[in-house]
Amino acid sequence: MPPRARSAWFRTLGQLALILAIAAVTGLAIGQPWPVITFAALGVVAWHYWRLRSVLVRLTARQRLTPPLGEGIWNELDRLLHRSQSEMRGRKKRLIDMLRAYRAAAAALPDAIVVVERNSQRIQWFNEAAIGLLQLKYPRDIGGPIVQRLQPLQLSHWLASGRNAETLEVASPWNPAATLSLRLIPYSDDLWLLVARDVSRLLQLEQMRRDFVANVSHELRTPLTVVHGYLDMLDPAEHPDWAPMLAEMQRQSQRMTQLVEDLLTLSRLESQDSLPAEETVAMSPMLTTLRREAVALSQGRHEILMEDAAAVDLWGSNKELHSAFSNLVGNAIRYTPAGGTIRIRFRPEGKGAVLEVADSGYGIPAAHLPRITERFYRVSTSRSRESGGTGLGLSIVKHVLNLHQARLEISSEVGRGSTFSCHFGADRVRPREDLALSFEALP
Ligand code: ADP
């Protein structure tokens, strides 16, 4: 017991003893000691009950206690109750202030934030931005079903995927100039956070970047053609001293032309959400062409193998698929030293098909694989330049495959070689129309 409480306790005991002693003396004086002592004792008990009652009344009425001035056990109890009440109030105030600060911060965010109850999918809370971006109304929409309140966005399927819901990008039904990016974040067992952001400015900047690259590439095309043309006209035999310089200039201007062409291809692919025209892509002639290109590029330095085991055709764009596949074949040749093997294989996979280009070349360290399809990303800049690479080949491949809902898989081992495989789903596979013709076309 703390000293202050102990002294209050002893003081109360002392008071009791004093009262009983006075009662005993008075009782003895009038010759009736026991009735007087009993009366005094009952008085003390009644007084304690009265104090107990007053404490109960104050506690149940949730009254704010005033700090007591007197001494004694009841005043000490009052003092302790007052202290714990003040502490509790202080803690509560701090919590409320903190909650207010968080709410104010969430309310001030430029992104729309809606707290949704997971099971009932009802709105629990939303911030200012949700009023502007999602047209929610306060207090009408608090407690309302989110799917119904945001009905023009048709969110029921998206919300049903819950934790696995991917970021959704949709044109705003309320503002034709805005594009909304919606994210669903489950942050507790019962609550979800729906975050909506206006990404129209970002998309606009992205479009500006694409237009800039496309325009610059386009503008570079003409002067390059002129330079290239004049260089072609210069005969090294007529200027033997300049021969090495002319050869280098020709090589560099060719590289620049290829770079510009690749940039234009990439811009074109990026600006498309889907293929403008789709057709049956006859794979047998495609494989023959790839093999011919590989042989030409290799100039006898590699063994080129080909296997057509799928016996199906693809559905998509002949031109784009050829550009993707020939990029992979070109890379295989360029990154495989002389004497290596390149294997082009078209094989079935479930109801789909896979085009595989495997080489026995330098290989790619695992750390580079996640970024290898980024534009201008190279494992070794010098090797890529030497081999005439633009750094855009695999970006083109990735975009072409995306447009065909196909995926690129890369497996590689340093010093042993790499395999690039393009996986096409069943939707992209068509039965081969003229099997006899395709067998004839095989080398
Ligand atoms: P580049 O024009 O430089 O070849 P790509 O986008 O086609 O650009 O390829 C990116 C990088 O990936 C290359 O610079 C090279 O380092 C690596 N790479 C691509 N294909 C292969 C391969 N078959 N073997 C080894 N490395 C490869």
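**The shell around the ligand**

Mentor: The shell around the ligand divides into 9 nonpolar, 9 polar and 3 charged residues. In this count, Ala, Val, Leu, Ile, Met, Phe, Trp, Tyr, Cys and Pro are nonpolar, Asp, Glu, Lys and Arg are charged, and the others, Gly among them, are polar. The model is a predicted one, in which local features need pLDDT of at least 70 and side-chain atom pairs count only at pLDDT 80 or more, while totals for chains, interfaces and linings use all residues. Residues are numbered from 1 along each chain as its sequence is written, and side-chain values use heavy atoms, with hydrogens and water left out.

There are 21 residues around the ligand, and those that come nearest are Asn 331, Tyr 335, Ser 384, Thr 390 and Gly 391.

We may now turn to individual atoms. Tyr 335 places a polar side-chain atom 2.6 Å from an oxygen atom of the ligand, and Asn 331 has a polar side-chain atom 2.8 Å from a ligand oxygen atom. For Leu 394, a backbone N or O atom lies 2.8 Å from an oxygen atom of the ligand. Taken alone, the ligand exposes 530 Å², and the protein buries 98% of that area; such areas come from the Shrake-Rupley method with a 1.4 Å probe, and for residues only the protein chains shown count as cover.

The ligand takes up the space of the largest pocket. On a 1 Å grid over the protein atoms alone, a pocket is an open set of points with protein on both sides within 12 Å along at least five of seven lines. The elements that give two or more residues to the shell are helix H10 (318–334), helix H12 (393–403) and strand S12 (417–424). H10 gives the most, with 3 residues. Helices (H or I, at least four residues) and strands (E, at least two) are DSSP runs, numbered from the N terminus.

Strand S12 also holds Ser 418. Ser 418 counts as buried because its relative accessibility is 4%, where buried means under 20% relative accessible area with a 1.4 Å probe and protein chains only. The side chain of Ser 418 makes a polar contact with the side chain of Ser 412, at 2.9 Å. A polar contact is a pair of N or O atoms within 3.5 Å; within protein, one must be able to donate a hydrogen and the other to accept it, and residues adjacent in sequence count only if both atoms are side-chain atoms.

Definitions and conventions. A residue is near a molecule or strand if one of its heavy atoms lies within 4 Å of it. On a 1 Å grid over the protein atoms alone, a cavity is a set of points where a 1.4 Å probe fits but cannot get out, and a pocket is an open set with protein on both sides within 12 Å along at least five of seven lines; lining residues have an atom within 4 Å of a point. A molecule sits in a cavity or pocket if more than half of its atoms lie within 2 Å of its grid points. Buried means under 20% relative accessible area, exposed over 50%, partly exposed in between (1.4 Å probe, protein chains only).
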